[in-house]
Amino acid sequence: MHGGRRLAAGAVLLGAIGCARTVRVSTTPGAAAVRPGITVLVQDSIALVRGRRIALLTNQTGVDAARQSDIEILGGPAARNAGVRLLRLFSPEHGIRGTEDRQHIESGIDERSGLPVHSLYTVTAIAPPDSLLTDLDAIVFDLQDIGTRTWTYVGSMVYTMRAAARHKLPIIVLDRPNPITGEHVDGPMLDMDLSNADEHTTQRPAKPYALYPFPLRHGMTMGELARFYNDVLAIHSDLHVIPAAGWRRAMWFDETGLPWVRPSPNLPDLTSALIYPSLVAFEGTNVSVGRGTADAFQRFGAPWLDAAAVARLLNARGLAGVRFVVDSFTPLDPGDQKYNRVRIPGVRIVVADRDKVRSGHLGAAILWAIAKANRDSLVIRPRAFDERFGSAAAREAIVAGADPDDVVDRQRDTVAEFWRAAAQFRLYQ
């Protein structure tokens with residue numbers, strides 16, 4: 001389906017790779033333990049962009065430890081003194097400032113910088129148009145990944161790498177920490193027949209959320225993903241990854257000293273980012289995942305949900321690191337249009353030990369419990385669910401009543417094999 005070499009594909013889960021330990025970071029007040037790629041570029045690697053005309057693909061997450069935007073840094077006096085000319089901006093899903101929760105995001109002018117912004121998110125993520133690359137010497141990329149296979153920013157990176165390769169332009173990826181650590185790797189793997197790493201065409205829509213047979217929670221950074229895809233998809237771009245200095249795989253984002261910036265309107269904090277992999281597949285159902293609330297992706301619900309029964313079933317399973325509380329909620333103008341301004345029965349997921357949370361097991365158990373308590377009311381759009389969860393066969397087995405732990409454990413070795421094969425692309429210890 002895609003060019004280049006493929007790593008092992010399959011369907012399911014590996015609990016946690018490496019030891020689940022807490023990193024203690026000692027920093028002085030206001031000091032960051034980690035320097036993001038943008039800071040390393042300016043302080044140590046400015047030669048990569050010196051004297052060059054560049055475009056920048058970024059959004060609100062492209063900031064340094066002091067929350068100064070990449071746009072201000074690369075368009076500011078110090079960069080100009082190095083001969084850097086920032087000509088234009090490209091924006092991904094949610095727009096240049098991360099406030100949009102819709103398709104067909106328009107291009108325009110960035111009010112803060114006055115630079116032209118060209119949206120790379122229409123019906124889906126798209127590549128930069130060829131006409132906007134001919135006057136460039138390099139493309140700089142800086143978007144925050146959240147450690148989950150379904151993140152469209154990774155698709156934007158892959159499509160941009162291909163465009164850069166076509167025009168023989170260097171692409172410089174400014175790396176950032178994986179906020180939910182680089183140690184925990186969970187399935188399911190995405191089935192090969194659900195994946196598509198190709199760019200968007202009218203005949204075959206792109207799937208930036210389902211690029212390649214990959215674990216649901218992949219344990220890699222954006223820079224490591226760039227290295228992976230450049231090789232495995234045979235993109236062969238002139239790729240330069242600027243690592244995040246000081247980051248270690250065991251670190252959670254709140255241990256880096258860097259500011260949390262919402263990577264999307266529906267991920268308000270690190271807890272939402274942690275639970276997101278477990279709930280994202282329910283976007284393909286008639287279950288709300290809490291969009292339109294202050295703690296989206298930390299809860300789920302529906303008007304028909306027997307919340308007490310679902311919470312009881314889930315708590316009885318003794319899932320590692322979490323517990324479940326009955327908690328009704330009211331979505332207000334949710335981006336998914338589910339149950340707007342309707343008070344609905346719900347279940348809140350309380351994280352007791354984040355190092356023990358296993359994303360695949362958690363998502364599978366929630367599906368099992370909802371199907372057991374409310375099978376006649378649950379509506380699943382199979383393709384939409386499967387492209388996010390990863391496996392039609394796993395989804396069908398769980399809904400039919402199979403033990404969810406057994407289902408996700410069946411090919412545990414497949415995820416371990418993937419992790420071993422991906423070692424060549426990792427940058428951090």
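User: How many helices and strands are there in the chain?
Analyst: The chain has 12 helices and 12 strands. Keep in mind that this is a predicted model.

User: Which strands form the open sheet, and in what order?
Analyst: Seven strands take part, in the order β3-β4-β2-β1-β5-β6-β9. Their pairing is mixed.

User: Which strands stand at the edges?
Analyst: Those are β3 (108-109) and β9 (238-242). Each has a single partner strand, so one side of each is left without a neighbour in the sheet.

User: And β1 and β5, parallel or antiparallel?
Analyst: Strand β1 (residues 53-58) and strand β5 (residues 138-142) run parallel, and five bridges join them. Within that pair, L56 stands opposite V140 in β5.

User: New topic. Why does the radius of gyration agree with a compact globule?
Analyst: A compact globule of 429 residues would have a radius of gyration near 22 Å, and the chain has 21 Å, so the two agree. Along its principal axes, the C-alpha trace spans about 65 × 45 × 40 Å.

User: What share of the residues is buried?
Analyst: Buried residues are 60% of the 429 in the chain.

User: What about contacts between residues 24 or more positions apart?
Analyst: They account for 78% of the contacts with a separation of 6 or more.

User: Last one: how many positive and negative charges are there?
Analyst: There are 49 positive and 46 negative charges. Their mean positions are 1 Å apart.

Definitions and conventions
Residues are numbered from 1 along each chain as its sequence is written. This is a predicted model: local features need pLDDT of at least 70, side-chain atom pairs count only at pLDDT 80 or more; totals for chains, interfaces and linings use all residues. Side-chain values use heavy atoms; hydrogens and water are left out. Helices (H or I, at least four residues) and strands (E, at least two) are DSSP runs, numbered from the N terminus. The radius of gyration is taken over C-alpha atoms; the globule rule is 2.2 Å times the number of residues to the power 0.38. Buried means under 20% relative accessible area, exposed over 50%, partly exposed in between (1.4 Å probe, protein chains only). Contact means heavy atoms within 4.5 Å. Lys and Arg count as positive and Asp and Glu as negative; His and the chain ends are not counted. The place of a charge is taken as NZ of Lys, CZ of Arg, CG of Asp or CD of Glu. Two strands pair if DSSP finds at least two bridges between them.
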